[in-house]
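Please keep the sequence and the 3D view open while reading.

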Amino acid sequence: MDVLYFAWLRERIGVPRERVETSAATVRDLVAELAARDDWHAAAFADLTAVRCAVDQELVDLDAALTDAREVAFFPPMTGG
């Protein structure tokens, strides 16, 4: 699956996207796998309250299933004005 990173997550990890092979059942499981990869991923996912996610371009929570997901995107919370 493709994993996309936006804003400061992209800056901390150092890439805008990567293709990963995973057996993660949920977004939370995927985050745990990614955070275990290296210090950059661990830093990006250190505070999950500051991370939002989308699976196949639909906003979801961290417990959303990844069944047949093709893309997961991570980004900071949006603010508006």
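## Basis of the model

This is a predicted model, in which local features need pLDDT of at least 70, side-chain atom pairs count only at pLDDT 80 or more, and totals for chains, interfaces and linings use all residues. Residues are numbered from 1 along each chain as its sequence is written, and side-chain values use heavy atoms, with hydrogens and water left out.

Helices (H or I, at least four residues) and strands (E, at least two) are DSSP runs, numbered from the N terminus.

## Strand 5

Strand 5 spans residues 71–75 and is mostly covered, with 5 of its 5 residues buried. Buried means under 20% relative accessible area, exposed over 50%, and partly exposed in between (1.4 Å probe, protein chains only). In a regular strand the side chains alternate between the two faces of the sheet. Here E71, A73 and F75 point one way, while V72 and F74 point the other way, and all are buried.

Two strands pair if DSSP finds at least two bridges between them. Strand 3 (residues 52–55) pairs with strand 5 in the antiparallel sense, over 4 bridges. V72 stands opposite V3 and also opposite V55. A73 in strand 5 is the bridge partner of A54.

## The hairpin of strands 3 and 4

Strand 3 is also joined to strand 4 (residues 58–60), by 3 bridges, and the two run antiparallel. V55 has E58 as its bridge partner in strand 4. The hairpin has 2 residues between the strands, and D56 takes a positive phi near 50°.

## Helix 2

Which residues of helix 2 are buried? They are V27, L30, V31 and L34. Seen down the axis of helix 2, these buried residues fall within an arc of 100° (taken from the directions from the helix axis to the C-beta atoms), so they line one face of the helix. An α-helix has 3.6 residues a turn, so residues three or four places apart point the same way.

The cover over the buried residues of helix 2 includes strand 1, strand 2, helix 3 (39–44), strand 3, strand 4 and strand 5.

## T26

T26 lies in the loop between strand 2 (17–19) and helix 2 (27–35). T26 is buried, with a relative accessible area of 17%. Leaving aside neighbours within four places in sequence, T26 is in contact (heavy atoms within 4.5 Å) with L62, D63, A64, A65 and L66.
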